[in-house]
Amino acid sequence: MTSATILPGATIGILGGGQLGRMLAHAGNRLGYRFVTLDPTPDSPCGQTARQIVAGYGDREAARELARLSDVITYEFENVDAEVAAMLEAESYVPQGSALLYTTQHRLREKHALEAAGARVAPYAEIASLQDLREAAERLGLPAILKTATGGYDGKGQWVLRSADDLDRAWEEASRAGTALVLEKFVRFAKEISVIAARRPSGEVRTFAPAENVHVNNILHLSIVPARIPDHVRAEAEGLAISIAESLNVVGLIAVEMFLAEDGTLYVNELAPRPHNSGHYTMDACRTSQFEQHIRAICDLPLGDTSLMTPVVMVNVLGEHMESLLQWLPACDVEAEKLGVEPKVHLYGKAESKTGRKMGHINVLAPHTGAALAWISQTDIWRYDEA
Ligand code: AMP
């Protein structure tokens with residue numbers, strides 16, 4: 001099947017039962033869709049709001065069952081087993097297709113696709129030997145980052161090379177990963193930003209306002225919207241996301257992570273063909289959330305208005321923040337009232353709170369982003385200097 005309009009009442013299958021699946025189900029339930037998710041963890045965040053098949057992501061029989069129960073299938077992570085993806089495509093309707101997954105699962109393939117779409121990426125080289133690494137380090141210059149081509153996330157599978165002395169050890173560790181490697185020149189960025197675009201099979205594309213992202217320990221901490229960047233950069237970033245969505249024939253969402261270099265150049269770092277943490281701000285601050293937009297796009301319904309209704313800062317709640325969050329939640333927040341901010345809490349229903357684990361997020365709606373940032377640094381929930 002090439003494309004189809006999927007109307008409410010239909011069942012949407014989600015490969016993966018984490019928070020992204022949960023928020024997709026919340027948005028889709030409101031529109032009258034039913035959901036079934038496949039996830040190995042019983043009572044997963046999505047399984048609490050949808051029917052769940054408890055099985056591993058690579059379990060063919062379970063994937064076939066998901067296909068049987070669903071009118072349309074989507075996924076909430078990109079490392080979907082290629083054979084499972086092909087099987088789901090053959091036995092059900094997967095409007096996002098497996099080609100986009102194939103591209104975004106591998107940093108080198110992704111960079112080639114980005115370049116073909118007219119986007120700039122940081123200078124890079126494919127590395128297959130220590131000799132390659134030495135030559136590339138010489139050519140690109142240090143500092144540089146050695147990355148595994150597959151499987152890395154939140155800074156895992158990365159080695160920062162600051163001097164020639166770092167090369168041997170990085171090669172020794174990275175080559176053990178058993179995947180292709182890529183060396184990237186270190187971009188001295190002024191800011192990290194991201195743009196989420198949605199495209200439906202008919203070709204309609206819409207973008208959300210760029211988010212300015214602050215990471216702590218390689219995990220997203222804040223998304224500040226509107227991003228504190230000049231208007232022409234905002235327009236260029238949104239234009240890039242549209243070109244990428246069109247060039248890659250995206251159906252559904254595509255999150256485009258970018259570096260804004262100190263000289264004003266935009267480099268695309270990574271793509272994610274799914275809802276993205278830096279788009280959670282849309283849930284309370286935009287007329288349409290990224291989750292509703294994804295459902296609309298895969299069901300080939302007209303895309304929703306993406307207008308930003310208010311400045312907002314999204315702040316992630318990790319395992320280490322849960323205790324203080326739960327103490328703060330029942331009390332009246334005089335400081336928030338004084339600053340005129342409204343913290344909207346979203347929790348994902350995860351039973352176990354571990355350090356670094358994403359447990360929820362708060363969208364701090366505010367008259368201006370400075371007030372939201374002031375509230376975040378004043379509460380006792382986060383104790384980072386970066387806020
Ligand atoms: P990634 O897994 O590629 O998203 O990288 C994780 C984080 O590492 C990014 O959000 C950046 O903060 C940093 N990083 C990755 N690649 C580069 C680069 N080429 N130059 C500078 N910083 C980088």
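A: Pro226 sits in the loop between β12 (219-225) and α8 (231-247). Helices (H or I, at least four residues) and strands (E, at least two) are DSSP runs, numbered from the N terminus. The model is predicted: local features need pLDDT of at least 70, side-chain atom pairs count only at pLDDT 80 or more, and totals for chains, interfaces and linings use all residues. Residues are numbered from 1 along each chain as its sequence is written.

From Val225 to Pro226 the peptide bond is cis, and its omega is near 0°. Most peptide bonds are trans. A cis peptide bond joins Leu142 to Pro143, with omega about 0°. Pro143 also lies in a loop, the one between α6 (130-140) and β6 (144-148).

Asn218 is not a glycine, yet its phi is positive, about 70°. Most residues other than glycine have a negative phi.

Next, the layout of the chain. The protein chain is divided into domain 1 (11-94), domain 2 (123-185) and domain 3 (189-378); the bounds come from an automatic or database domain assignment. The centres of domain 2 and domain 3, taken over C-alpha atoms, are 30 Å apart.

Where is the ligand? Domain 2 and domain 3 both give residues to the shell around the ligand, so the ligand lies between them. The shell holds 13 residues (C-beta atom, placed from the backbone, within 6 Å). Ala122, Gly155, Glu184, Phe186 and Val187 are the closest. By class, the shell has 4 nonpolar, 5 polar and 4 charged residues. Ala, Val, Leu, Ile, Met, Phe, Trp, Tyr, Cys and Pro count as nonpolar, Asp, Glu, Lys and Arg as charged, and the others, Gly among them, as polar.

Last, a pair of helices. The axes of α2 (residues 60-69) and α3 (residues 82-91) come within 10 Å and cross at roughly 30°. Axes are lines fitted to C-alpha atoms over the stretch in contact, with angles from 0 to 180 degrees between N-to-C directions. α2 and α3 are therefore roughly parallel to each other (angles under 35 degrees). From α2, Arg60, Ala63, Arg64 and Ala67 meet Val84, Met87, Leu88 and Glu91 of α3 (C-beta atoms, placed from the backbone, within 7 Å). By class, this contact of α2 with α3 has 5 nonpolar, no polar and 3 charged residues.

Terms used. Parallel < 35°, antiparallel > 145°, perpendicular 65-115°, else oblique. Contact = placed C-beta atoms within 7 Å.
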